[in-house]
Amino acid sequence: MSSKDWIEKDFYAVLGVDKAASADDIKKAYRKIARESHPDHNPGDPKAEERFKAASEAHHVLSDTGRRREYDEMRSLFGSGAFRRNARGGGQPGGMPFDVSDMFGGAGGGDRRFGGAGFQDLFSSIFSGGQAGGQTAPRGPARGRDVETEVALDFGDAVRGVTLPLTLRAPGVCETCHGNGAKPGTQPRTCPVCHGAGVTTRDQGAFSFSEPCRNCQGVGTVVEEKCPECHGSGGVTKTRTMNVRFPAGVADGQRIRLAGRGEPGERGGPAGDLFVHVKVRPDELFGRTGDDLTLSVPVTFAEAVLGTDLRVPTLDGAVTLRVPPGTPSGRVLRARGKGVVRRDGQAGDLLVTLDVVVPARLSDEARAALEAFAEQSPPAAREHLDARVRRVG
């Protein structure tokens with residue numbers, strides 16, 4: 001999508017929402033249009049397909065906070081009546097013929113360059129809060145990239161919390177130059193082109209453009225004698241080990257962020273973050289639902305009918321649960337406080353599901369006793385089923 005499109009298209013009107021609409025209202029409006037005009041529901045209808053594409057384009061811009069803010073700023077400056085349309089599709093500020101496409105490199109649209117700088121660079125200069133007189137605050141060395149890794153935890157460790165050593169082979173700070181990229185005994189000097197700002201500014205008519213300094217690649221300093229170990233980058237690939245604390249109750253699929261433990265920044269810049277993806281190995285007995293632990297316990301028919309006391313395991317011991325007489329299969333008993341400990345110190349519960357086991361084989365004595373029991377026990381309440389059988393039979 002070209003920057004020219006951002007100015008000429010009213011994405012709020014496309015979705016039928018007000019400019020002050022909330023993100024939820026924008027989402028609902030888009031989903032409604034998408035359902036009504038989706039090509040799968042309107043085969044061979046070019047108007048529906050065009051409306052679907054327009055709504056998708058509008059939602060792409062307005063659903064993202066950053067893109068929406070830039071779109072509103074562009075429309076405020078150049079659109080919404082700031083230019084009157086002429087026959088060429090441009091406008092007339094102050095009565096002078098003007099075509100918005102001229103600003104973006106011609107009527108072809110697209111993100112072409114304007115005076116060597118992109119449209120994004122133009123508006124970043126206008127709206128980035130740069131200092132008066134075209135001066136820009138120093139950029140400094142670039143921040144390092146984030147690093148991701150994966151760790152598998154035992155079920156019990158994930159529930160209780162654990163500290164484990166984590167070994168990574170990833171970029172780290174060069175110990176020879178301590179990250180500044182310069183040969184020991186020397187120091188990087190201020191870039192003579194941008195004077196340490198990291199950016200250069202050029203005037204293009206009524207606008208000023210800022211772009212990264214090509215001499216120092218936006219760092220603000222240059223290294224004349226490079227470090228022999230890292231060759232001026234300030235970082236080297238090495239193996240490092242760190243202790244990582246996994247909090248109690250960490251769940252499968254959770255991501256833990258360790259600020260500043262990622263890849264170091266170029267030539268002394270701030271380090272990125274380390275993100276650890278947690279995989280929890282399943283337990284042979286316990287399951288987990290939120291902060292509750294789950295456990296399935298088989299019981300005999302006699303135990304379910306007569307009632308019994310069950311001794312069941314937990315992650316840190318055992319508890320006794322009372323099974324009331326006449327308990328059906330599938331009944332869930334609750335052991336409070338025997339689940340996952342929350343951050344506030346409270347704990348979930350242990351949920352025990354009773355599974356009445358039906359024996360596959362019986363001894364002669366057991367069969368005789370069961371038949372005697374069946375003769376004395378009341379029949380199952382199936383009157384409503386029998387009535388339906390009689391009607392359909």
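**View 1. Aromatic pairs in this predicted model.** The count comes to three aromatic pairs, where rings of Phe, Tyr and Trp (its six-membered ring) pair if their centres lie within 6.5 Å. Residues are numbered from 1 along each chain as its sequence is written. Because the model is predicted, local features need pLDDT of at least 70 and side-chain atom pairs count only at pLDDT 80 or more, while totals for chains, interfaces and linings use all residues; side-chain values use heavy atoms, with hydrogens and water left out.

View 2. Tyr12 belongs to helix H2 (residues 11-15) and Tyr71 to helix H5 (residues 65-78), 59 residues apart; helices here are DSSP runs (H or I, at least four residues), numbered from the N terminus. Tyr12 counts as buried because its relative accessibility is 6%, and Tyr71 is buried too, at 1% (buried is under 20% relative accessible area, exposed over 50%, partly exposed in between, with a 1.4 Å probe and protein chains only). Ring pairs also tie Phe11 into a cluster with Tyr12 and Tyr71.

**View 3. Phe301 and Phe373, edge-to-face.** Their planes stand at 80° and their centres are 5.9 Å apart, so this pair is edge-to-face. It links distant parts of the chain, with Phe301 in helix H9 (residues 301-306) and Phe373 in helix H10 (residues 364-376), 72 residues apart. Phe301 is partly exposed at 44% relative accessible area, and Phe373 is partly exposed at 39%.

Conventions:
Rings of Phe, Tyr and Trp (its six-membered ring) pair if their centres lie within 6.5 Å; planes under 30 degrees apart count as stacked, over 60 as edge-to-face and the rest as tilted. Helices (H or I, at least four residues) and strands (E, at least two) are DSSP runs, numbered from the N terminus.
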